[in-house]
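Here is a short briefing on a pocket and the nonpolar cores. Please read it alongside the model.

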Amino acid sequence: MYLPAKPDKYGLKIISICDAKTFYFYGGIPYIGKETRNRNDLLIPTQYVLNLVEPIMGTNRNVTTDNWFTSIELAEQLRVKKLTLVGTLRKNKREVPPHMLVVKNLPPMTTRFLHAPEMTLLSFSKTKNKNVLVLSTMHETETINEISKKPEQIEFYNKTKGGVDVFDKLCHQYSSTRKTNR
C-alpha cells in the first residue's frame, strides 16, 4: 500500500494495538483490502478492534481509536467486554445528530455535550467554523479545564492517541529499505 502520512510510504498496512505510555506492540492484523462482514453483521472496523482487544478483555482498560474505528456500535460492544472507548467520530456517520454538526456563528472554544446511557458525545470548536466530535464511554461529566479551555475528553484523547504512531516511528529507525536514484 501507499501510505503518504507514514514514515515508510510503501509497504504492508498492519492495523495494530499499542500501549499509549510504553508504545508496546500488543498485536496486529494485516489489512488485505476491502472485506465483507463475517461476524454477527458488525462493521469491518468494529471487527478489527474486537479481534485486537481480545487479550485485554475484561481488564477495565480504555481503548483510544481514530475516526475510522469509532462508532456507537463499537462503544456498545466494548462495554460488554468491560472496556471503555474514547475516540474521534466522523461527521458523516448516521448516528451523529444534526445539531451536533452545526458550527456556524459559534465562538471559538465552544463545547457542546450530548449524553446517552453510559456514553457521551461532544462537539468541540477550537476555531471558528471547525469542530471535532469525540465519543467517550469513560467520561460522563462536563468537566472543562480552566487553563486550556478544553474538555476533559479532548485532553484525554490527545494524551492517549499516539501509541501506534510512535510505534511506527520507532520501527522506521530500524528500516532496511534503501534509497534509489531512480
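For the lining classes, Ala, Val, Leu, Ile, Met, Phe, Trp, Tyr, Cys and Pro count as nonpolar, Asp, Glu, Lys and Arg as charged, and the others, Gly among them, as polar. This is a predicted model: local features need pLDDT of at least 70, side-chain atom pairs count only at pLDDT 80 or more, and totals for chains, interfaces and linings use all residues. Residues are numbered from 1 along each chain as its sequence is written, and side-chain values use heavy atoms, with hydrogens and water left out.

**Largest pocket**
- A pocket is an open set of points on a 1 Å grid over the protein atoms alone, where a 1.4 Å probe fits, with protein on both sides within 12 Å along at least five of seven lines; lining residues have an atom within 4 Å of a point.
- The volume of the largest pocket is about 1,700 Å³, taken as the space filled by probe spheres set on the points, which are joined across faces, edges and corners.
- Ser16, Cys18, Gly163, Val164 and Asp165 are the closest to its centre, out of 50 lining residues.
- The lining of the largest pocket divides into 28 nonpolar, ten polar and twelve charged residues.
- H4 gives the most to this lining, with seven residues; helices (H or I, at least four residues) and strands (E, at least two) are DSSP runs, numbered from the N terminus.

**Nonpolar cores**
- A nonpolar core is a set of buried Ala, Val, Leu, Ile, Met, Phe, Trp, Tyr and Cys residues joined through side-chain atoms within 4.5 Å; buried means under 20% relative accessible area (1.4 Å probe, protein chains only).
- In the largest core, of 24 residues, Val49, Val53 and Leu78 touch the most other members.
- H1 gives the most to this core, with five residues.

Key
Buried means under 20% relative accessible area, exposed over 50%, partly exposed in between (1.4 Å probe, protein chains only).
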